[in-house]
Amino acid sequence: MSDDTLRDTWLSLRQRLLARGLMPGDSDSLSLRDPASGQMAWGTATDASMRSLPLAPAEGCGTGAVALHRTVYSARIDVCAVLVGGGPFCRQMAAFGGWMPAVFDEQIRQLGHMAHPTNDLARLPDALADGGNVALHAGQLLVLGMTPSRLALNAELFEKCAKAWVPATAGGAKLRTLPWIVRHVANGRLMKEEARAQEQVRQGLRPEETRGY
C-alpha cells in the first residue's frame with residue numbers, strides 16, 4: 001500500500017468513525033497496519049493527519065497510546081485496524097464489569113467472545129488470544145478489525161449491542177446467553193476468517209474483505 005493510499009484510507013475511516021460518534025474523545029486513536037512495509041498509520045481524533053510509525057521498534061513497544069496499538073498488532077497477526085474509542089454506550093462498559101457475555105447472534109459471529117478486561121499491558125496479548133475483536137484495557141475500549149471497513153462495522157455493531165445490553169443490565173434484567181451450539185458455530189466461522197487473514201498478513205498482503213457482514 002502506498003503512503004498516499006494508507007493516509008487516505010486512514011483519513012476516510014476516521015471521518016466515518018467521527019461522523020457516527022464512535023471516536024468522540026480528543027485522545028481516541030486509530031491505526032492501520034500496512035503488512036507490506038511493517039509500518040502503521042496512527043493518529044488521534046484531532047490530529048491533522050496520521051503518522052507513519054514502525055510496528056516493531058528496536059526496543060519493545062514503547063509506552064502510551066502508540067504502545068497499546070503496537071501491542072495489539074504484535075498479539076494478533078490477523079488484525080490490520082485498531083480503534084481505541086467507541087460510542088457512548090460502549091463507554092459505559094467499565095461500569096458494568098467491563099465485559100459483555102455472548103448475547104446476540106451477530107455479536108458472536110462478527111466480534112467473537114469479548115476479551116476479559118485488563119489493566120496491565122503485558123496481560124493484553126493473553127486476553128486477545130481467543131480471537132475476540134473487542135476488549136476493555138485500562139478503562140479504554142479497543143475494537144479490532146481484519147480490514148478498515150471491518151473495523152468500522154465492528155465498532156458500529158458493538159455500540160448497537162451495548163445500547164441494548166447496558167440499559168437492560170442497569171435495569172436488573174436477566175439476559176440469556178446464546179446456546180453453546182450457536183456460539184460454537186458462529187465463532188468458528190470468525191476464527192476461520194481470522195486464520196485466513198493471518199496467513200495473508202504473513203505474506204505481506206492485506207486481508208481480503210469477506211461477504212455477508
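## Exercises around Asn133

Not counting residues up to four places away in sequence, Asn133 touches Arg76, Gln110, Leu111, Leu142, Val143, Leu144, Asn154, Leu190 and Glu194, where a contact means heavy atoms within 4.5 Å. This is a predicted model, in which local features need pLDDT of at least 70 and side-chain atom pairs count only at pLDDT 80 or more, while totals for chains, interfaces and linings use all residues. Residues are numbered from 1 along each chain as its sequence is written, and side-chain values use heavy atoms, with hydrogens and water left out.

**Exercise 1.** Work out which way the side chains of E5 point and how E5 is joined to E6.

*Solution.* Begin with a general rule: side chains in a regular strand alternate between the two faces of the sheet. In E5, Val134 and Leu136 point one way, Ala135 and His137 the other way, and all are buried. Now the pairing: two strands pair if DSSP finds at least two bridges between them. E5 and strand E6 (residues 140–145) run antiparallel and are joined by four bridges. One of the bridge pairs is His137 with Gln140 in E6. The two strands form a hairpin with two residues between them, and Ala138 in the turn has a positive phi of about 50 degrees.

**Exercise 2.** Find the aromatic pair and explain why its geometry is edge-to-face.

*Solution.* Rings of Phe, Tyr and Trp (its six-membered ring) pair if their centres lie within 6.5 Å; planes under 30 degrees apart are stacked, over 60 edge-to-face and the rest tilted. The structure holds one such pair. The ring centres of Phe96 and Trp165 are 6.4 Å apart and the planes stand at 80 degrees, so the pair is edge-to-face. Phe96 lies in the loop between strand E4 (81–84) and helix H3 (105–111) and Trp165 in helix H5 (residues 148–170), so the pair ties together parts 69 residues apart in sequence. Phe96 is partly exposed at 26%, whereas Trp165 is buried at 7%.

Definitions and conventions. Buried < 20%, exposed > 50% of the residue type's maximum accessible area, 1.4 Å probe, protein only.
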